[in-house]
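Grab a pencil and open the model next to this page. The exercises below walk you through it piece by piece, and each comes with a worked solution.

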Amino acid sequence: MKREIITTADGSKTIHFPEWNEQYHSKHGAIQEAYHVFIKHGLHYYGQSITETVHIEEPLNQLSILEIGFGTGLNALITLLESEKLQTKVDYVGVEAYPISQDEVSGLNYSSELNSDRLIFDKLHEVSWEEKHQISDLFSLIKQKKFFNEINDKDIYNLIYFDAFGARVQPELWTEDIFKKMYDALKESGVLVTYSAKGSVRRAMQSVGFTVEKLPGPPGKREMLRAAK
Ligand SMILES: C[S@@+](CC[C@H](N)C(=O)[O-])C[C@H]1O[C@@H](n2cnc3c(N)ncnc32)[C@H](O)[C@@H]1O
């Protein structure tokens with residue numbers, strides 16, 4: 001399928017599929033969306049950034065995070081940068097069946113937009129799959145090349161970033177079967193965050209046992225969901 005790199009409203013790039021009219025991130029701002037959904041309502045659920053006053057549910061100084069769709073590595077990069085601000089140790093697992101190409105990595109501008117060292121972003125992509133790599137003092141990464149329905153982890157994550165393509169184009173990824181796997185993978189009281197606020201998604205989450213909260217969405221979206229085990 002044809003893929004192209006486009007610039008979103010906040011100046012950060014993303015990958016767009018013209019045939020699907022779908023992209024890796026919101027056209028209203030890739031970095032803005034990632035920060036709002038996964039950091040503000042995910043990572044900050046567990047701790048407070050020194051740059052922003054946020055609600056703290058349960059401060060933890062060590063977190064285990066699963067990302068559903070490693071993709072461009074944007075969420076991983078922002079989480080790494082945020083782990084420094086929070087002084088929180090993060091063990092990050094990114095699952096991805098279709099890694100992006102080296103040309104695509106080169107075409108993404110997240111390092112300059114986030115004022116971070118390009119070598120860090122490149123390293124996220126260069127490191128081998130299936131092995132644990134210490135990327136910074138506080139941030140380790142395991143990239144797993146597999147399909148989401150092959151995830152069989154039990155009780156190991158505090159937080160899941162659920163960032164699959166939308167239910168409009170990949171409805172099979174927003175089902176009870178997948179959310180049951182996510183529920184099982186979380187530790188007790190762990191949370192899953194996603195940009196989607198669809199009623200069918202919320203009901204699928206509830207039917208496997210999640211307690212689901214609607215939260216204000218990122219620019220261009222009224223609501224998003226956070227589901228707690
Ligand atoms: C919305 S994009 C992820 C964006 C990513 N979190 C980022 O920050 O760039 C969804 C990702 O899921 C991957 N994907 C789609 N279907 C999958 C499947 N069944 N199993 C594993 N990965 C899949 C895609 O290749 C894509 O990278």
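**Exercise 1.** Find the helix that holds Asp 184, and work out whether Asp 184 is buried or exposed.

*Solution.* Step one: Asp 184 sits in helix α6. Helices (H or I, at least four residues) and strands (E, at least two) are DSSP runs, numbered from the N terminus. Before going on, note that this is a predicted model, in which local features need pLDDT of at least 70 and side-chain atom pairs count only at pLDDT 80 or more, while totals for chains, interfaces and linings use all residues. Residues are numbered from 1 along each chain as its sequence is written, and side-chain values use heavy atoms, with hydrogens and water left out.

Step two: Asp 184 has a relative accessible area of 18%, so it counts as buried. (Buried means under 20% relative accessible area, exposed over 50%, partly exposed in between, using a 1.4 Å probe and protein chains only.)

Step three: look at who touches it. Skipping residues up to four places away in sequence, Asp 184 touches Asp 153, Lys 154, Asp 155 and Lys 229. Contact here means heavy atoms within 4.5 Å.

**Exercise 2.** List the buried residues of α6 and say what they pack against.

*Solution.* Start with the list: Ile 178, Phe 179, Met 182, Tyr 183, Asp 184 and Ala 185 are the buried residues of α6 (176-185). Next, their packing partners are β4, β8, β9 (186-194) and α7 (199-207). Finally, get the direction: α6 lies across β4, β8 and β9 and runs at about 135 degrees to β9. Axes are lines fitted to C-alpha atoms, for helices over the stretch in contact, and angles run from 0 to 180 degrees between N-to-C directions.

**Exercise 3.** In what order do the strands of the eight-stranded open sheet lie, and which strands stand at its edges?

*Solution.* First, the order is β6-β7-β5-β4-β8-β9-β11-β10, with mixed pairing. (Two strands pair if DSSP finds at least two bridges between them.) Second, β6 (132-134) and β10 (211-216) each have a single partner strand, so one side of each has no neighbour in the sheet. Third, neighbouring strands are turned by 20 degrees against each other on average, direction ignored. Last, helix α5 (118-126) packs on the sheet, touching β6 and β7 (139-144), and its direction makes about 35 degrees with that of β7.

**Exercise 4.** Which strands pair with β4, and how many bridges join each pair?

*Solution.* Take β5 (89-95) to begin with: β4 pairs with it in the parallel sense over seven bridges. Leu 66 stands opposite Val 93, and Ile 65 has Tyr 92 as its bridge partner. Now β8 (157-162): it runs parallel to β4, joined by four bridges. There, Ile 68 stands opposite Phe 162. As for cover, six of the seven residues of β4 are buried.

**Exercise 5.** Where is Gly 73, and what does it touch?

*Solution.* Gly 73 is in the loop between β4 (62-68) and α2 (74-86). With 0% relative accessibility, it counts as buried. Leaving aside neighbours within four places in sequence, Gly 73 is in contact with Phe 121, Leu 124 and His 125. Its C-alpha atom is 9.4 Å from that of Asp 122, which is 49 residues away along the chain.

**Exercise 6.** Which residues make the contact of α1 and α2?

*Solution.* Begin with the geometry: the axes of α1 (30-40) and α2 come within 10 Å and cross at roughly 65 degrees. On the α1 side, the contact uses Ala 30, Ile 31, Ala 34, Tyr 35, Phe 38 and Ile 39; on the α2 side, Leu 74, Asn 75, Ile 78, Thr 79 and Glu 82.

**Exercise 7.** Describe the open sheet of three strands.

*Solution.* The order is β1-β2-β3, and the pairing is antiparallel. β1 (4-7) and β3 (22-23) are the edge strands, each with a single partner, so one side of each is left without a neighbour in the sheet. Four bridges join β1 to β2, and Glu 4 stands opposite His 16. β2 (13-17) and β3 pair over two bridges, with His 16 opposite Gln 23 and Phe 17 opposite Glu 22.
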